Amino acid sequence: MSATPLFPQLRRLARLWRPVAAWCGGVACPFALLLAVLSGPPNSTSLRFALCAVAIALPVALLRRHPLPATALMLVGTFAALAQRPSWEVVYLLVLANDLAVLSVVASRGRRVALAAAVPTLLVQIASASYFTSGSDVYLRTLVVLSLALVAAWMIGLSLRERREHAVAQRTEAAARAVAAERLRIARELHDMIAHSIGVIAIQAGVGSRVIGTQPDEARKALVSIEATSRETLAGLRRTLGTLRRTEPVPGAEPVSLDPAPGLADVERLAVSTSAGAGVEVELRWHGARRAIPADIDLSAYRIVQEAVTNVVRHAGTRSCRVTVEYGPGEVSVEVIDDGRGCEPADIDRAGGWGLVGMRERVGLLDGRLTAGPRPEGGFRVAALLPVPDPGAESDAPARTDAAR
């Protein structure tokens, strides 16, 4: 019982010791560099180089969180070490370490902080060059080399920062596109799910209100149909919203239904419910050998039929329609024909719906073709042809963006 609170305390101590250790390493850097240059016998170049490499690495942890103090401590140590006229190996090491520190600051910080680190670095290197160079020509060449090296470090750091910012912008844009595509998919699914049911409910409510006083049995049938359609729609909405709200089961909560998404196999049930609920007889015809097709194509074909039948119920003013589903080689096609008023597609869209727009989006995402318009002999026709990929090549095909959930 007493050991349980020990772990949070240890974690807090570890969080406190990290910045303390970083500052201790940064402050120790100038002294360690000076001692490293002065230590050992005069000919121990390798030992001094190794000790300087360890000493110049002490402020690395501080450089991540506090770049300017870390750079200042490194420059103090660099100037003190170079004033002792060390070997050229140590000089190259210290200059490279300072340039890498500037590169890190430029890559991770803003322009002001980067300039505040780069300008003092260049000034310290210029001031230190007088200690390990002899003659004006050598001094000028050294200054040029030091300046070019620092400019190269600045450019590399700037390139790294731009690449990182570009990657962040790409991820943000991709996330925004994914959110927009998901919102469009959800809106399309909800529209396809609700439009048909609400159309049936509206028709049955109108029938019930007209006959409730004279034909109570017909009014009762209308109410039963409204209840059944409402329950089916609510169940579908509960499945969709439940899946959106949580992905893992919550203890004590009602489990989310994992029923499969509808497909062409449910067209028969759609025809029966439309005939019984909306009073529109649906003649269903099947052509070709029925077979399993990808889930996204199966769902889209069903939604197209559902929306087309809904338009017949709401706009055609007829008592019947014909639905044809044909399985062809490498494709599946659906067709919905009625003998009603035959209005133009734009008239249906202006009526306040998004049905034909949703059909075109679904068919376009699947690289299919959609035809919707009045028939010469009267009525309206909606036909969609959806390509079905070869099962053998399906593993090589790119994933579809509108896959059924």
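**Note on the predicted model**

1. Buried residues make up 37% of the 405 residues in the protein chain. The model is a predicted one, and the values below should be read with that in mind. Its secondary structure comes to twelve helices and five strands. The accessible surface of the chain amounts to about 23,400 Å², and carbon and sulfur atoms account for 62% of that area. As for how the chain meets itself, 70% of the contacts between residues at least 6 apart in sequence join residues at least 24 apart.

2. Arg11, Arg12, Arg15, Arg18 and Arg65 together form a positive surface patch. Helix 1, which covers residues 6-38, gives the most to this patch, contributing four residues. Arg65, by contrast, lies in helix 3, a run of residues 60-65. The relative accessibility of Arg65 is 64%, and therefore this residue counts as exposed.

3. Trp23, Val27 and Phe31 form a nonpolar patch on the surface, and their accessible area together is about 310 Å². Phe31 has its place in helix 1, and because its relative accessible area is 58%, Phe31 is classed as exposed.

4. Two residues other than glycine call for a check of the backbone. Most residues other than glycine have a negative phi. Arg85, however, has a positive phi of about 55° although it is not a glycine. Arg85 is found in the loop between helix 4 (67-82) and helix 5 (88-108), and its relative accessibility of 55% is why it counts as exposed. Asp367 likewise has a positive phi, near 60°, and is also a residue other than glycine. The place of Asp367 is in the loop that runs between helix 12 (355-365) and strand 4 (369-374), and because its relative accessibility is 63%, Asp367 counts as exposed.

5. Helix 7, spanning residues 136-211, contains Thr142. Is Thr142 buried or exposed? Its relative accessibility is 14%, so Thr142 counts as buried, the cut-off for that class being under 20%. If neighbours within four places in sequence are left aside, the residues in contact with Thr142 are Ala129, Phe132 and Thr133.

6. The side chains of Glu173 and Arg177 meet in a salt bridge, with an N to O distance of 3.1 Å. The two residues are four apart in helix 7, which means that Glu173 and Arg177 are separated by about one helical turn. Glu173 has a relative accessibility of 46% and therefore counts as partly exposed.

7. Another joins Asp266 to Arg269, whose closest N and O atoms are 3.6 Å apart. With a relative accessible area of 22%, Asp266 is partly exposed, and Arg269, at 43%, is likewise partly exposed.

8. Which residues are linked with Arg375 in a network of salt bridges? The network consists of Asp339, Arg375 and Glu377. Within it, the side chains of Arg375 and Glu377 meet at 2.6 Å, N to O. The two partners fall into separate accessibility classes: Arg375 counts as buried because its relative accessibility is 16%, whereas Glu377, with a relative accessible area of 58%, is exposed.

9. A last point concerns Pro389, which is placed in the segment after strand 5 (380-387). Its relative accessible area is 24%, so Pro389 is partly exposed. Pro389 and Pro329 are 60 residues apart along the chain, and their C-alpha atoms are separated by 9.9 Å.

Key:
Residues are numbered from 1 along each chain as its sequence is written. This is a predicted model: local features need pLDDT of at least 70, side-chain atom pairs count only at pLDDT 80 or more; totals for chains, interfaces and linings use all residues. Side-chain values use heavy atoms; hydrogens and water are left out. Patches are made of residues with over 30% relative accessible area and no salt bridge: like charges are joined within 9 Å, nonpolar side chains (Val, Leu, Ile, Met, Phe, Trp, Tyr) within 5 Å. Accessible areas come from the Shrake-Rupley method with a 1.4 Å probe; for residues, only the protein chains shown count as cover. A salt bridge is a side-chain nitrogen of Lys or Arg within 4 Å of a carboxyl oxygen of Asp or Glu. Lys and Arg count as positive and Asp and Glu as negative; His and the chain ends are not counted. The place of a charge is taken as NZ of Lys, CZ of Arg, CG of Asp or CD of Glu. Buried means under 20% relative accessible area, exposed over 50%, partly exposed in between (1.4 Å probe, protein chains only). Contact means heavy atoms within 4.5 Å.
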